[in-house]
Amino acid sequence: MQIINEEKIFADKIDEEIKIEPKDWMPDQYRKTLIRQISQHAHSEIVGMLPEANWITRAPTLRRKATLIAKVQDEAGHGLYLYSAAETLNISRDEMLKQLHSGKAKYSSIFNYPTLTWADMGAIGWLVDGAAIMNQVPLCRCSYGPYARAMIRICKEESFHQRQGFEILLTLSKGSKAQKQMAQDAINRWWWPSIMMFGPNDDASPHSKQSMEWKIKRFSNDELRQKFIDVCAEQVKILGLVLPDEKLKWNEETKHYDFGEINWEEFRNVVNGNGPCNKERLEARVKAHEDGAWVRDAAAAYSEKRKSREQKAVA
């Protein structure tokens, strides 16, 4: 009887838009779904630092270096917010990192593509961060309180990242012929992986229906993907460039852009660890974690030492 009451209280809170908090009762599957989604999100922020950090020393101006450093630092902060949110669900950060390093846990497939030119920093900002914003703004209304609150600040910073990327592409598009071609090439390579970021089509997405019923998600994969394509199809006109899709065309009847077929075989291949940079990204992440062990050990030792001093002072 107690379980039934708890389930009803939980369901009523979901219906009434009352946030579920860490100490509230929740179904095991709700908890597992959140752990999977939030930890995957956190992993994506941390691994996502790698493709861009690669260009910090090669940025063309001091201003570009400073803004790129700031962006990479933001991504690290996002990962920390999200790991902290996931920890409220009774999973340790060590366990989440073990899952990432072993390959058990996934991160966004987009970060397994190489960054070949400076224009890629623009394409990542405009397209990748733009897709992230489209996905993440609805998460500010997620039914789980700690996740929703973390997303408010993250989305504000991601919005800046998106503008930064668009400005890089806009500058290149107004430059020399070679610079404009560099920008177009970057868009050509990042466009399709970006629209894959929304995940499989709705009929092939195993978690979407339940996540929407629990109000973890507010929109389906296909709804968000369509909205993103509609926005980008208009923004690219400002750049004087094109999106690499011959079938992209405004549909007066639906009031949306029609678009070509997504290569889901490529998507599955990258998700399953066989993308251009999967091995490289994971090895870099594991190495960074191992190389940073002494910092964690030193911090833990200092914390214990400080705690011992405080205890002695009280005694």
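In this predicted model, Gln162, Phe166, Leu169, Leu170 and Ser173 of helix H7 touch Gln235, Ile238 and Leu239 of helix H10. Sorted by class, the residues of this H7–H10 contact are five nonpolar and three polar, with no charged ones. H7 spans residues 145-173 and H10 spans residues 221-239; their axes come within 9 Å and cross at roughly 40°. H7 and H10 are therefore oblique to each other.

H7 also has a partner in helix H2, which covers residues 28-47. Here the axes come within 13 Å, with a crossing angle of roughly 25°. Angles under 35 degrees count as roughly parallel, so H2 is roughly parallel to H7. The crossing of these two helices, H2 and H7, is left-handed. On the H2 side, the contact is made by Leu34, Gln37, Ile38, His41 and Glu45, and on the H7 side by Tyr147, Met151, Ile154 and Glu158. Five nonpolar, two polar and two charged residues make up this H2–H7 contact.

The largest pocket holds about 1300 Å³ of space and is lined by 49 residues. Nearest its centre lie Arg36, Gln37, Gln40, His41 and Met197. Two or more lining residues come from each of H2, helix H3 (49-53), helix H6 (119-136), H7, helix H9 (208-213), H10 and helix H11 (264-274). H2 gives the most to this lining, with nine residues. By class, the lining of the largest pocket comprises 21 nonpolar, 17 polar and eleven charged residues.

Notes: Residues are numbered from 1 along each chain as its sequence is written. This is a predicted model: local features need pLDDT of at least 70, side-chain atom pairs count only at pLDDT 80 or more; totals for chains, interfaces and linings use all residues. Side-chain values use heavy atoms; hydrogens and water are left out. Axes are lines fitted to C-alpha atoms, for helices over the stretch in contact, and angles run from 0 to 180 degrees between N-to-C directions. Helices (H or I, at least four residues) and strands (E, at least two) are DSSP runs, numbered from the N terminus. Angles under 35 degrees count as roughly parallel, over 145 as roughly antiparallel, 65 to 115 as roughly perpendicular and the rest as oblique. Contact means heavy atoms within 4.5 Å. Ala, Val, Leu, Ile, Met, Phe, Trp, Tyr, Cys and Pro count as nonpolar, Asp, Glu, Lys and Arg as charged, and the others, Gly among them, as polar. A crossing is left-handed if the near helix is turned anticlockwise from the far one by less than a right angle, and right-handed if clockwise. On a 1 Å grid over the protein atoms alone, a cavity is a set of points where a 1.4 Å probe fits but cannot get out, and a pocket is an open set with protein on both sides within 12 Å along at least five of seven lines; lining residues have an atom within 4 Å of a point. Grid points are joined across faces, edges and corners, and a volume is the space filled by probe spheres set on the points.
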